[in-house]
Amino acid sequence: MTPAVELRDVSVHFGRTVALEGLGLSVAAGETLALLGPSGSGKSTALKAIAGFLRPTSGRVLLGGRDVTDLPPNRRGLGVVVQSYALFPHMKVFDNVAFGLHARRMPRREVAARVAEVLDLVGMGSFGGRYPRQLSGGQQQRVAIARALAIRPPVLLLDEPLSALDAALREEMVAELLRLRAELPGTAVVYVTHDQGEALALADRIAVMRDARLVEVGATEALYHRPAESFTASFLGASNLIPVEVVDAETVRVGGVSVKASASGVEGPVVLGVRPHRVGVREYRGSGLAARLVAVQWRGTGFRLELELEPGLESGVGPVLGVGRRVRADVVDVGGLAVGALVEVSIPDGCPLVRVA
Ligand SMILES: Nc1ncnc2c1ncn2[C@@H]1O[C@H](COP(=O)(O)OP(=O)(O)OP(=O)(O)O)[C@@H](O)[C@H]1O
């Protein structure tokens with residue numbers, strides 16, 4: 001099937017700044033793709049290239065199979081929602097939502113029906129007569145989404161739509177967006193975020209970005225459980241990246257202790273990606289993987305332990321950010337262990353081997 005959105009080898013340069021380099025991606029109708037990455041990784045630039053707010057230095061943008069690289073935003077027929085709600089402050093909610101419909105010369109009666117429909121869709125049906133300033137941040141963002149949806153766009157672009165909201169409201173809005181998603185089965189959604197929780201909850205597929213490039217793209221669960229790249233493992237799920245000696249396709253040794261790893265088939269130097277909650281810690285009893293307890297942090301639901309594996313770890317990889325002897329463990333109970341104690345660390349079988357990059 002023709003993808004709803006396709007980026008072909010898109011690069012965006014601002015003078016000497018490379019904001020996006022050689023991005024190739026496609027999004028199917030009905031699919032939610034999250035662009036996930038740290039600040040400055042090029043996510044918004046990619047979204048702006050799709051929306052037409054900027055023209056790629058090279059590469060092409062296609063919507064529904066049509067090359068739109070040279071079309072202005074208003075001729076691409078997309079729904080766009082950005083970080084700050086950007087509603088027109090002097091217009092009531094109704095008029096804000098109706099704006100794009102009037103611009104398309106839709107008859108008044110149809111406009112009224114359409115505005116009512118999309119305001120209902122975002123749970124704001126009774127707010128048409130208010131001004132934006134009379135709404136909470138979450139409500140304003142709902143109106144912004146309704147405005148984007150009013151033209152029934154085949155593609156909805158959302159750029160950090162929840163970042164201006166507080167944590168509790170963000171969570172509520174994620175649930176809201178999931179409900180909305182189910183109401184729009186044919187719409188392709190591109191969701192820019194630096195929040196892995198939002199990406200995991202909302203996306204069918206996640207594209208991980210770093211330094212203007214695509215690191216890896218995959219189905220959400222697969223990417224979470226079996227990332228191929230160390231950057232994905234640490235960004236999506238905060239994995240420890242532990243140096244290992246590879247014995248065979250499924251066995252590695254960590255400081256002399258054998259562990260079964262999930263075979264990834266990745267080539268080149270690899271490390272073991274281990275989530276903090278999967279690391280076991282107990283008092284050292286003379287064998288196993290030894291580590292020193294460096295710090296203990298209480299986090300309400302449990303404890304975050306900072307550990308340093310004892311020297312003697314074999315590592316085939318040079319100094320790489322995030323790879324090393326420091327290991328974080330999330331445990332429910334510290335079991336009387338104090339900072340400075342020598343402990344035994346256990347790593348469960350089945351953690352992924354990831355490529356170091
Ligand atoms: N108009 C511009 N002129 C010059 N440099 C720009 C411009 N827009 C973006 N950049 C640069 O391009 C890079 C990518 O920016 P972009 O906004 O796409 O990142 P991002 O991943 O969306 O980050 P954030 O999460 O902070 O919004 C950054 O280094 C940024 O400084």
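Predicted model: local features only at pLDDT ≥ 70, side-chain atom pairs only at ≥ 80, totals over all residues.
1. Helix 4 and its neighbours. Helix 4 itself covers residues 137–149.

2. Burial in helix 4. The buried set includes Gly138, Gln140 and Gln141. Arg142 and Arg147 are also buried, as are Val143, Ala144, Ile145, Ala146, Ala148 and Leu149.

3. Length of helix 4. From the first C-alpha to the last, helix 4 reaches 18 Å. This is close to the 18 Å expected at 1.5 Å a residue.

4. The ligand shell. The residues surrounding the ligand include Phe14, Thr17, Ala19 and His194. Gly37, Ser39, Gly40, Ser41, Gly42, Lys43, Ser44 and Thr45 also surround the ligand. By class, the shell has nine polar residues, two nonpolar and one charged.

5. Where the shell comes from. Two elements, strand 2 (17–27) and helix 1 (43–51), each supply at least two residues of the shell around the ligand. Helix 1 gives the most, with three residues.

6. Strand 11. In strand 11 (residues 240–243), Asn240 and Ile242 point one way, while Leu241 and Pro243 point the other way. All of these are buried, on either side of the strand. In a regular strand the side chains alternate between the two faces of the sheet.

7. Pairing of strand 11. Four bridges pair strand 11 with strand 15 (residues 270–274), in the antiparallel sense. Within strand 15, Leu272 is the bridge partner of Ile242.

8. An open sheet is formed by five strands in the order 16-20-17-18-19, with antiparallel pairing. Strand 16 (280–283) and strand 19 (326–331) are the edge strands, and each pairs on one side only. From one strand to the next, the twist averages 45°.

9. Strand 17 (residues 289–298) and strand 20 (residues 342–346) run antiparallel and are joined by four bridges. Val343 in strand 20 is the bridge partner of Ala291.

Conventions
Residues numbered from 1 in each chain as written. Pairing = 2+ DSSP bridges. Axes fitted to C-alpha atoms, helices over the stretch in contact; angles between N-to-C directions. Expected span 1.5 Å × (residues − 1). Buried ≥ 20, exposed ≤ 12 C-beta atoms within 10 Å, placed from the backbone. Near = placed C-beta within 6 Å. Nonpolar A, V, L, I, M, F, W, Y, C, P; charged D, E, K, R; others polar.
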